[in-house]
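Visitor: Hi! Could you walk me through this one?
Guide: Happy to, here it is.

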Amino acid sequence: MAGRSFLPWTGLALALQMALGFAHAQALAGGAVEATLDVAETFRDGVSLVWSPNGQAAWDTLKAYHKVDKIVMRPRSVTAEALDAFQLDKGKVLPPDTLIFAEDDSPEFRERIRTALRKQVGERAAQLIEPYQPLRVRQANPPIVEIKKALIVTSIAARPRFPNHFVPDASPKVFRDRKGGSYLALGFGAQGKLAASQGDNVRVLTDDLKGQHALRFTFYTGDANDRQCLVLSTPGIHQNLDSALKEVRELLAKERVPTRAVEKDGRRWRYEDIFSTDDVLWLPYFQTTTLCEYPDLSRKKYLESPDGLMWWELGAVQQLLSMKLNHEGALVESTFKVPATFLSASSAADGSAGASVPVEQLPPYPKRFVFDRPFIASFWREGAEWPYLACWIDGPEMLTVKK
């Protein structure tokens, strides 16, 4: 399991000083938003999960800095092992203009990172890069000498929009999580003429007519070479993001079947993969802004010399993540920081049926997609094997709940 702890955004200066135990206790209390660096982490009832490959990009950059294929940590880190095993094509998965920094640490390098983060994401991310701390001698027997420091920072930002806006729904719907909790959640959607006007912008990837489905929403980025989409899917049999996202990837690559015949309630229907005036769509607003630290990586040794007298050590591995989805589009921002120090202890199935009546003559099947149960949201670039953000939403923390 990947170690991770999430803190709600209450001001960066305050959050940086808060004890990790508080964040851990908050997660144990139930109803939490947590981030993972392991896409195969198992879903837990009542806990929403967020995964971004930005952390993987930072880890791969750390390995490139050291010119190694894997990083073995002491004590053992299951998170590090998962990161070492994962394969990521950064150029295809991460949004354009992704920032990647990896150099020997210095005051000038840190200021260069802050300047870039302010421009790309904003001041909150820039403040994640604290003032440079000079090399020092740590009190120990024998003394531990800091020889060199490095800093790895990766940052992504995406602000895609829906080509056609949806309509806010002033009436909340009951969202039920897997722990049995019920919450009045505000959301947005389309029906009638507005649903039909979406055209190919909203397309059904799969629907078993029993509550398991996946919908693709086209995003507009302003860049013809950067095509993106959002996929909302129900979990089905999946127990983690890994298997769920692999299925979505297959659905996105599958040859499109715009019209098919289906049977439901003893009748045969014409099922179209785009929306018509007979269809209904509703989904909740969701968002989170969080600062997290990964205790399974932080303050551990790696690349230790055979005599044990010299090693590298990670500092506080942190991520600042903001994301939201509303009726206009989405925002995804993630800044990931990995500080490292070199030390020495030396003083030196779809439900279709064969057609007896031509499918075009069958009555249209009235589709109804209401995401009022736990679901998965994933943000994709065209042709990528993984999304640049994926969320498992199970609980009220990421929703706009009416009190």
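Visitor: Before that, what am I looking at?
Guide: This is a predicted model, where local features need pLDDT of at least 70, side-chain atom pairs count only at pLDDT 80 or more, and totals for chains, interfaces and linings use all residues. Residues are numbered from 1 along each chain as its sequence is written, and side-chain values use heavy atoms, with hydrogens and water left out.

Visitor: Which residues of helix α4 are buried?
Guide: In α4 (residues 78-85), Thr79, Ala80, Leu83 and Asp84 are buried, meaning under 20% relative accessible area with a 1.4 Å probe, protein chains only. They sit on the same side of α4, because they cover an arc of only 135 degrees around the axis, taken from the directions from the helix axis to the C-beta atoms.

Visitor: And what do they pack against?
Guide: The buried residues of α4 pack against α3 (54-66) and β4 (73-74).

Visitor: New topic: which residues are closest to the centre of the second largest pocket?
Guide: The second largest pocket holds about 470 Å³ of space. Its lining has 20 residues, and Gln133, Lys149, Gly315, Pro339 and Thr341 are the closest to its centre.

Visitor: Which strand gives the largest share of that lining?
Guide: β20, with four residues.

Visitor: Is glycine 222 buried or exposed?
Guide: Glycine 222 has 54% relative accessibility, so it counts as exposed, the cut-off being over 50%. Glycine 222 lies in the loop between β11 (213-219) and β12 (228-233).

How values were computed. 1 Å grid on protein atoms, 1.4 Å probe; cavity = no way out; pocket = protein on both sides within 12 Å on 5 of 7 lines; lining within 4 Å. Points joined across faces, edges and corners; volume = space filled by probe spheres on them. Helix = DSSP H or I, 4+ residues; strand = E, 2+ residues; numbered from the N terminus. Contact = heavy atoms within 4.5 Å.
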